[in-house]
Amino acid sequence: MNTEKHLTAELHHRADGIDGSPISFEDVVGRAGRIKRRQRITTGVAALAAAAVIVPTAMLGGSLFDDDAAPDPARPGIQQVHDVTLDPSLSEADTPPKLAYTDADKLVEPDGTTTTLEQVYGAPARVGDEYLASYGFEGGEPTIDILDSNFGVTDTLETNSGAVASADHTVAAWIARDNTIMTRFEGHDVDLGKVDGDYPQPVAILGSESCMEAEGGCRVFYNVQGSAPMVIHSHGNVETVPGDFTRIGAVSPDNLIAGLVTPQNAAPTDPLCSAVYDERASQRLFETCGWTFDNSAGFSPDNSLLVGQSVESDGSGPRSLTVVDARTGEKVLGVSLPRQPRTTYIAASTWEDDEHLLVSTSRTTMNSPGLGNLYRVGLDGSVERLLERDHDNGTMTQPWAMIR
């Protein structure tokens, strides 16, 4: 696999500084050396941090495949493809994000209410009235705090990963340090069993209300370093994720799986290729090269659209996003950065609702992460700049982590 593309993808995993500590230029240089020696995308320690902010995309009620919940056709009404540029000179909009987000040790809610947290967390995963908030991925011991509805810590768990939650936020999953797949619902922890492999990282959980097999059960999809992604069922079976993936990035409630399909042993000159697989129909819907579904916003809340991001060859990180029809791969929206400066990259993206993305950008400097902006981008081609951060002037201390 192309080393420069590998470097870019891996640096993007780390771009948000999951435990809130800005990433220095020296950190990037050191990590770049380690990444180049690995020569292949993995789900090792670097991916632990990425798992802490992966936006969960999965829920499935009732049986494994509900015939009454057959997927609808692609969203109608999108008549025009728009290409937009994220312009940092735009005036800040008066409307705040519709999602809550963390800013260092502060949690900011849509109405402006601010709560001081006990740690600098990555994006907490909401499950019921609780939040599973991870920290300690940078130079510490990965840990999850369970927060109550007032964001007070009620329990602390040792972990090997961040947490993911179902689309209806009724069940959540993480992986303990001994590789046990853990789930939580209604305030209780239930383990699904211990799995094999190095550094397993959860991507999505499909289920609703309960992971008990007698109550409908659940499934947890996870990546494993150096091997195919896997899925564990609440009845105990562990299987390879179908679709010939080498790494998955998102799973939708209607059983679409998106991820990388470039072989682990591909030549360095080969492009990174991604695909979407329909698990119900047992077929690959489309394949594309040049951009990936890894660590992007994933599927839209209505599951009709999917976000892919570019793979840059200059090491700066992704500089464009493409929103496509989740079943055909047809382009719906293009999002890019200005041509200069080249050190600006897209740090994260999250679906705010069915019609809008929240996209954060960061501009690195020699000694600090530098400048950042948060934009709202509409499928209609509208762009608003919502927030700004400036590490050099101390106005913010970490990228925003949005909470769905």
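Rings of Phe, Tyr and Trp, the last by its six-membered ring, pair if their centres lie within 6.5 Å; planes under 30 degrees apart are stacked, over 60 edge-to-face, the rest tilted. By this rule we get 4 aromatic pairs.

Take one of them. Tyrosine 121 and tyrosine 135 have ring centres 5.6 Å apart and planes at 70 degrees, so they sit edge-to-face. Tyrosine 121 is in the loop between β4 (114-116) and β5 (125-127), and tyrosine 135 is in strand β6 (residues 130-135), so the pair ties together parts 14 residues apart in sequence. Both tyrosine 121 and tyrosine 135 are buried, meaning under 20% relative accessible area, with exposed over 50% and partly exposed in between (1.4 Å probe, protein chains only).

A word on the model. It is predicted: local features need pLDDT of at least 70, side-chain atom pairs count only at pLDDT 80 or more, and totals for chains, interfaces and linings use all residues. Residues are numbered from 1 along each chain as its sequence is written, and side-chain values use heavy atoms, leaving out hydrogens and water.

Next, the phenylalanines. Phenylalanine 286 and phenylalanine 293 are both buried. Phe286, Trp291 and Phe293 form one aromatic cluster.

Now the sheet. Strands are DSSP runs of E, at least two residues, numbered from the N terminus. Two of them pair if DSSP finds at least two bridges between them. Four strands make an open sheet, ordered β13-β14-β15-β16, with antiparallel pairing. At the edges are β13 (198-207) and β16 (238-240), each pairing on one side only. β13 meets β14 (residues 218-225) over 7 bridges, antiparallel. There, leucine 206 has arginine 219 in β14 as its bridge partner.
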